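This note is meant for a colleague who is opening the structure for the first time. Please read the numbered points with the sequence and the 3D view at hand.

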Amino acid sequence: MNGNNGFKKKISWKLFIIGFFLILAILSVLISLGFGAVSVHIQSIISILLGNTDSEYYAIIWNIRLPRTLVAVFVGMNLAISGALLQGVMRNPMADPHIIGVSSGAGLFGTTLLLMFPAFSYLLVPVAFIGALASALLIYMLAWDKGVSPMRIILAGVATSAFLNSGVSALYTFYSDRIQGAISFMVGNLSAKSWGHVEIIIPYSIIGLVLALLSAQRMNVLLLGDAESKSLGLNTEGYRLWFIAISALLAASAISIVGLLGFVGLIVPHAARLMVGNDYRILLPASALLGVTVLCLSDTIGRVAFAPIELPVGIIMGVIGAPFFLYLLRKKRTI
């Protein structure tokens, strides 16, 4: 009886945290919509969102800030879930699409498309996905030696990332006359995002989120270890590839819209895990909501902290994420 009560309390606490993260995500969206060169009161924001087109702030909110904020919502969600999946598959709390080189694969393929074949820029998301997936598989194979270890993952990721980034540098050298269009892609920026960008990222975000949530229980089994998961009938290598593919899809969709944005996939899942534990049925939605909060608030800080100069959100995340990464390195913890 006491065991059942303890289990119910645990579930209630986790649901409370999910609700708390949802409130934080909604507040971060409202803050993102309200702050900028012109501050807009929350009542005006809600009125505009409910369809009031007569407001003097309608054009600012609806045409400029809302699409930018929605892109931040989906990018934050995608990168957070991508990081959570990579951390589970690679059993490494320091795994992140940016740190281990997955983003570099998407960046190289995306930059190649933008610089060499600009007429086909509408294919940026699928091309970036192919690059991210190829990079993730390469890192996994390089780190495999009768299993994977956190240190081998980091070393393989750093080496792969350095190799891919040198390819990007070579492209910049050979196509210096076209570099302007690719600069913001390499920095990580949410400025000038439109409803067109929202329409591009939504389908990939929904597909990735649904697939990740439907497969969450399989990730829980995978975390038990190869011997245990195989004894339970799980195709461990097949599901590793499955989760890597979902992670690559989510990371590529985000990267293709805002560029190489790092550390969201590192910080957010780790923070969520401290609050809700390692059950991926809870961890994935918690990470998604916290990712929305972190990216919306970081983008708002970049817009208002040094106004009228606007800092790209990639710089803000770098300032936050680098110390967090060093903290994890010192702890030397594994999942």
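Predicted model: local features only at pLDDT ≥ 70, side-chain atom pairs only at ≥ 80, totals over all residues.

**Notes on helices, surface and side-chain pairs**

1. Helix H12 is mostly covered, with 10 of its 13 residues buried. The buried residues of H12 are Val264, Gly265, Leu266, Ile267, Val268, Pro269, His270, Ala272, Arg273 and Val276.

2. The helix runs over residues 264-276 and reaches 18 Å from its first C-alpha to its last, close to the 18 Å expected at 1.5 Å a residue. Just after H12 comes Gly277, which takes a positive phi of about 90°.

3. Attention may next turn to the surface. A nonpolar patch is formed there by Ile23, Leu27, Ile31, Phe35, Leu297 and Val304, whose accessible area together is about 480 Å². Two helices, H1 (2-34) and H13 (280-304), each supply at least two residues of this patch. Which helix gives the largest share of the patch? The largest share comes from H1, with 3 residues.

4. Val304, a member of the patch, is placed in helix H13. The relative accessibility of Val304 is 34%, so this residue counts as partly exposed.

5. The charged side chains deserve a separate point. Side chains of opposite charge can pair when their charged atoms come close. The model holds 5 salt bridges. In one of them, Asp299 pairs with Arg68, and the closest N and O atoms are 2.8 Å apart. Because Asp299 lies in helix H13 and Arg68 in helix H3 (residues 58-89), this pair ties together parts that are 231 residues apart in sequence.

6. A network of salt bridges links Arg68, Asp299, Arg303 and Glu310.

7. Another salt bridge joins Asp279 and Arg281, with the closest N and O atoms 2.9 Å apart.

8. The last topic is the aromatic rings. A pair of aromatic rings is described by the distance of the centres and the angle of the planes. The count comes to 6 aromatic pairs. One of them is the tilted pair of Phe20 and Phe21, with 6.3 Å centre to centre and 40° between the planes. Phe20 is partly exposed, with a relative accessible area of 38%, while Phe21 counts as buried at 4% relative accessibility.

9. The rings of Phe120 and Tyr122 have centres 6.3 Å apart and planes at 45°, so this pair is tilted. Phe120 is partly exposed, its relative accessible area being 40%, and Tyr122 is exposed, with a value of 61%. Elsewhere, Tyr58, Trp62 and Trp195 form one aromatic cluster.

Conventions:
Residues numbered from 1 in each chain as written. Heavy atoms only, no water. Patch = residues over 30% accessible without salt bridge, like charges linked within 9 Å, V, L, I, M, F, W, Y side chains within 5 Å. Areas by Shrake-Rupley, 256 points an atom, 1.4 Å probe, with all protein chains shown as cover. Salt bridge = Lys/Arg side-chain N within 4 Å of Asp/Glu carboxyl O. Helix = DSSP H or I, 4+ residues; strand = E, 2+ residues; numbered from the N terminus. Buried < 20%, exposed > 50% of the residue type's maximum accessible area, 1.4 Å probe, protein only. Expected span 1.5 Å × (residues − 1). Phe/Tyr/Trp six-rings, centres within 6.5 Å; stacked < 30°, edge-to-face > 60°.
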